[in-house]
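Welcome to my notebook. I opened this structure and jotted down what I looked up, one entry at a time.

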Amino acid sequence: MAIDYGIKKNQLRCFSDINCSVTVVPANYSAEKIIKLKPDGIFLSNGPGDPAATGKYAIPIIQELIKNNLPVFGICLGHQI
């Protein structure tokens with residue numbers, strides 16, 4: 001699963017190239033909804049936003065995902081969050 005903070009199509013193409021099926025959800029998609037989809041892992045995308053501003057709503061979601069033992073990794077903004 002990819003949380004979209006401003007994801008680039010090339011990143012999705014890279015996942016596709018290694019036979020990953022990726023569901024993209026908006027940045028404010030709730031942790032409950034994500035957990036119900038039973039993802040194998042969570043990709044936090046890059047984005048144009050300010051990590052401090054994005055973090056206000058993203059961090060509680062990510063914390064809940066981590067509490068549920070979901071693997072989480074990010075790039076650029078996603079990594080900063």
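I began with Ile3, and I found that it stands opposite Leu44 in β3. Strand β1 covers residues 2-4 and strand β3 residues 42-44; I see them pair in the parallel sense over two bridges. I take strands as DSSP runs (E, at least two residues) and helices likewise (H or I, at least four), numbered from the N terminus; two strands pair if DSSP finds at least two bridges between them.

A note on sources: this is a predicted model, where local features need pLDDT of at least 70, side-chain atom pairs count only at pLDDT 80 or more, and totals for chains, interfaces and linings use all residues. Residues are numbered from 1 along each chain as its sequence is written, and side-chain values use heavy atoms, with hydrogens and water left out.

Next I looked at the whole sheet. I read an open sheet of four strands in the order β2-β1-β3-β4, with parallel pairing. At its edges I find β2 (24-26) and β4 (72-74), each pairing on one side only.

I place Gln80 in helix α4 (residues 77-80). I also checked Gln80 against Asn10: they are 70 residues apart along the chain, and their C-alpha atoms are separated by 20 Å.
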